[in-house]
Amino acid sequence: MYLILRKTVRMALHLYCGRIRVLHVEALPISGPLLLASNHPNSFFDALIIATHLDRRMYFLARGDVFRKPRIAKLLYAMNLIPIHRLSEGRSELHRTEGSFERSHDILLNGSSMLIFSEGLSVNENGLRSLGKGTARIAYRAWHGNEPIPLAVVPIWLHYDTFHRPFMDVTLATGALMHAKNEVANSEPSFLRKFNADLKEHFVATGEFADRHIEANRRNERSSLVGKVIVGAMTVFALLLHAPWYFALRTFTAKRTKGTVFFDSVLFGLLYITYPIWLMALVLITKLLGSSWFEGMVVALNAPLWVYALRKYRS
């Protein structure tokens, strides 16, 4: 299920977003345990970007309250998500956090990769907020616990040129790796403080690296007039074919997520799930307008191509 979702979600993201740039300060190891520590500007959407654009199968630490319903929890576990509980969910839930850290340690001990959002809460803004202790605790247990792990910590910086608007540009940058040899532990509290200070420096450096590339690409972008005219004509078809479906879901999502950070996550999820249904509806609509089933199939099969043209035109 994970691999199938990864491939299809990646394709869908390149229709939903404008550009998705992936930059590396240092090449990621192709094997061995990795703790991917990211900033968190756009809720669940951040995890989708990272999981589909870094070539490592990964597990995810996610807010524990979304696991409350058994059926949803079963699906989330199947997608490699692990709950981590916070004080805001109630003191009765905090005892489960230790089990989550043990599960995380076992995953890293087996040489797998894990993604954690080091700020904890998500806010729709670019910039670094205060770091929680979760990333540091996992690193401490891996490097200085009873079963030491040769873990590398990878700082990840996500930057969005806008939020809640169609075809936003996304930049994913991975920074210089952090290793145990650079993180001495006199005691756990002192380690947590020093680790977070070092991680903050890595985040800042990776963000500055990403900003330089974004600015350089902005200066070098050029489009020919003929290319714009051709692509612009194709966008008319894309708008005609998709506007009723897209704007209905967009309006619904805006109402349901008002005052939260979940707009892009929910809208993308709804578009991803319902797009095959909309394509089938286009075949039927084309038939009702007097065309053949074959012509309807041609329209439906080319619809994603026209969305891609609209994406190129807008970005």
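Reply: Two strands are said to pair if DSSP finds at least two bridges between them. The model shown here is predicted. In it, β6 and β7 pair in the antiparallel sense, over five bridges.

Me: In what order do the strands of the open sheet stand, and what kind of pairing has it?

Reply: The open sheet has seven strands in the order β1-β7-β6-β2-β5-β3-β4, and its pairing is mixed. The edges are held by β1 (20–24) and β4 (81–84); each has a single partner strand, so one side of each is left without a neighbour in the sheet. From one strand to the next, the twist averages 25°.

Me: In which sense do β1 and β7 pair?

Reply: β1 and β7 (residues 170–174) pair in the parallel sense, over five bridges. Within this pairing, arginine 21 has threonine 171 in β7 as its bridge partner.

Me: How should I read the directions of the side chains in a strand, for instance in β6?

Reply: The general idea is that side chains in a regular strand alternate between the two faces of the sheet. In β6, Ala152, Val154, Ile156, Leu158 and Tyr160 point one way, whereas Val153, Pro155, Trp157 and His159 point the other way. A residue counts as buried when its relative accessible area is under 20%. Nine of the nine residues of β6 are buried, so β6 is largely enclosed by the rest of the structure.

Me: Which way do the residues of β2 point, and are they buried or exposed?

Reply: Leu34, Leu36 and Ser38 point one way from β2, Leu35 and Ala37 point the other way, and all are buried. Because five of the five residues of β2 are buried, this strand is largely enclosed by the rest of the structure.

Me: With which strands does β2 pair?

Reply: β2 (residues 34–38) pairs with β6 in the parallel sense over five bridges, and leucine 35 stands opposite valine 153 in β6. β2 also pairs with β5 (residues 113–117), again in the parallel sense and over five bridges. Here the bridge partner of serine 38 is phenylalanine 117 in β5.

Me: Let us turn to the helices. Where does α8 have a kink, and what follows the helix?

Reply: The general idea concerns the turn of the helix: an α-helix has 3.6 residues a turn, so residues three or four places apart point the same way. In α8, a kink of about 45° lies at threonine 274, shortly before proline 276. The helix α8 is followed by glycine 290, whose phi is positive, near 105°.

Me: Is alanine 47 buried or exposed?

Reply: Alanine 47 counts as buried because its relative accessibility is 17%. Its place is in helix α2 (residues 43–53). Along the chain, alanine 47 and isoleucine 116 are 69 residues apart, and their C-alpha atoms are separated by 9.1 Å.

Me: Which element gives the most to the lining of the second largest pocket?

Reply: The element is α7, with seven residues in the lining of the second largest pocket. By class, that lining has 21 nonpolar, two polar and one charged residues.

Note on methods. Residues are numbered from 1 along each chain as its sequence is written. This is a predicted model: local features need pLDDT of at least 70, side-chain atom pairs count only at pLDDT 80 or more; totals for chains, interfaces and linings use all residues. Side-chain values use heavy atoms; hydrogens and water are left out. Helices (H or I, at least four residues) and strands (E, at least two) are DSSP runs, numbered from the N terminus. Ala, Val, Leu, Ile, Met, Phe, Trp, Tyr, Cys and Pro count as nonpolar, Asp, Glu, Lys and Arg as charged, and the others, Gly among them, as polar. Axes are lines fitted to C-alpha atoms, for helices over the stretch in contact, and angles run from 0 to 180 degrees between N-to-C directions. The bend at a residue is the angle between axes fitted to the seven residues ending there and the seven starting there. Buried means under 20% relative accessible area, exposed over 50%, partly exposed in between (1.4 Å probe, protein chains only).
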